Structure formats: C-alpha cells, structure tokens
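The following note sets out a colleague's points on one model. Please read them beside the sequence and the coordinates.

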Amino acid sequence: MTLFRLPQRLVRAGTLLGALALAVTAGVSPAAATSTQDAYRYWGYYQLTEGEWAFAQTGPDGTTPADGAVEGWRFAVAGPSDVRTPRALPAFEEVCGAEEAAAGEKRVAVVIDYGREADAPDGAQPPEPRADCAVVDEAASGADVLATVAETRVEDGLVCGLDGYPATGCGDPVPEVSPEAAAADEPVELTGLVGQTPTDDATEGQTSDDDAAAAADDAAAAEDDEGPGAGLWLGIAAAAAVVALAVAAFRRRRDLADG
C-alpha cells in the first residue's frame, strides 16, 4: 500500500486530512493531494458513532463495519476549517429495519449525500440524498458495502464518483470557494428510509376515503338514473290494496242496504 502525500496545510488541518484520506480505497495519493490549494471537491467517508458523524479512522478497504453500523458518504467542497459530514443522521433501524440478514451475513446502513448545488462541479445537479441498507457477508469491508448499494467510480484508489456523480473529476482543487459553498449546511431529508412508510399509509388512507366518497356519489347517481327504488314501489302497492279493500267493503254495505 502506497502512502499518499498531502500539502502541509492539509496535514495541519486534521479534519480535512481525515476526510480526504479516508475516501481513498487503497491508500494511493489523489492527484489533488499534491496541490497547494486550500480546498478540494471530493467524497468523504464517515461513520455514525454515538449519534454523530465521525471521520472514519481507516479507508473503506481497511474497514470492516459491524452488523448494525451506519456508514456515510458526503460529496462537498471543503477546506482546512470545514467539516462537511452527511446532512442527515438516521438511526440504523430507520434504514435497515425492514431487512433481515441470514446466517453469515450482516446489515449495514449507508447514507449517500451528494452535496449541495454549491458543491457541484461545473453546475452539475446533485441527486437527492438517500439511504440504503446493504445486506452483505460478515467479512465485507466498507468498500464492499458501498459497492452493494451504489455504482462506484474509483480512480487510482480514490472514490471519485457514486451513482455517476460527479461524472468526471476526482479530488480536484478548488482555487476559490464561493460564499454559497462556504455557507453552513442545512439538514436534509433522505429517501429510502423505512420511516417513510407511515407517510405513504396516510396518503393511501386519504385515497381510500376519497374513493369511498366517490363510490357513494356514484351509487346515488345510479339510483337517480334508475328511478324510484323497490321500497317506494312496495309502498304504492300496499296503498292500492287498502283502497281496493275499502271500495269492496263500501259496495257490500250498499248492496245490503238496497236488498
């Protein structure tokens, strides 16, 4: 494994060093690491520890996540004073609660945050951040876990793209960081969470109520089209029978009187 070199300013900036270094799958120096620029555009590798994101202590090739672990990837422009972790903090069960692992397997939750438009190269549109659950062999590394839930683009041992984003570039230096890129992160919603099911159920419930109301309206309209119902006809027949009996009684009384 080849040790990679970093600019002295990055070496002094421990957080950025960790993030950039741990995106390297094989410990090979990214081209950007020899630059003298302060900021870079890259994928960082993180792990959720006690409810907070932390820089992974080793690269994904050298990491073996445990069953129940939550791994995070974030694409961002970051300089020595920046910390650009994934912008969502899901619990393991929110991502993997619906999955089961067979004997010899493990479940690892993965958050992929493609970053903000301000982080994107050349005006590219970042996909929506998402979460996924990797069910993998117990011995699977962080790189194996990532490859299970995303299409990876790896160049010279560095993770350069996930799911085709960005399409090009890899750890490129950013000579001037825009105010938008330097702005603080805001929390985001993830797609792919088990917890999104209640929202879907609520929508389905509303749809069912609407369907029931529509069915009732249709039934009423059909009744109007078909004319009076059976109850009305029975009432008319009963009234006619009473009238007929009254007429017959009247005629019998008249015949007796005449006789």
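Which residues have the most contacts inside the largest nonpolar core?

1. The largest nonpolar core has 20 residues, and those with the most contacts inside it are Trp-43, Trp-73, Ile-112 and Leu-162. A nonpolar core is here a set of buried Ala, Val, Leu, Ile, Met, Phe, Trp, Tyr and Cys residues joined through side-chain atoms within 4.5 Å. Two or more residues of this core come from each of strand S1 (39-49), strand S3 (69-78), strand S4 (105-113), strand S5 (130-137), helix H4 (142-149) and strand S7 (158-162). Another core, of 14 residues, lies apart from it, with Phe-55, Val-70, Phe-92 and Cys-96 among them.

2. On the basis of the values: this is a predicted model, in which local features need pLDDT of at least 70 and side-chain atom pairs count only at pLDDT 80 or more, while totals for chains, interfaces and linings use all residues. Residues are numbered from 1 along each chain as its sequence is written, and side-chain values use heavy atoms, with hydrogens and water left out.

3. The chain holds 7 helices and 8 strands, taken as DSSP runs numbered from the N terminus (helices H or I, at least four residues; strands E, at least two). Of its 259 residues, 38% are buried, where buried means under 20% relative accessible area, exposed over 50% and partly exposed in between (1.4 Å probe, protein chains only).

4. Among contacts (heavy atoms within 4.5 Å) with a separation of 6 or more, 71% join residues 24 or more positions apart. The accessible surface is about 14,300 Å², and carbon and sulfur atoms contribute 54% of that area; the method is Shrake-Rupley with a 1.4 Å probe, and for residues only the protein chains shown count as cover.

5. The chain has 2 disulfides, each defined as a pair of cysteine sulfur atoms within 2.5 Å. In the disulfide of Cys-96 and Cys-133 the sulfur atoms are 2.1 Å apart, and the link is right-handed, with 110 degrees about the S-S bond. Because Cys-96 lies in helix H3 (residues 92-96) and Cys-133 in strand S5, the pair ties together parts that are 37 residues apart in sequence. Cys-96 is buried at a relative accessible area of 0%, and Cys-133 counts as buried at 11%.

6. The sulfur atoms of Cys-160 and Cys-170 are 1.8 Å apart in their disulfide. Its torsion about the S-S bond is about -60 degrees, so this disulfide is left-handed. Cys-160 sits in strand S7, and Cys-170 in the loop between S7 and strand S8 (172-174), 10 residues apart. Both Cys-160 and Cys-170 are buried.
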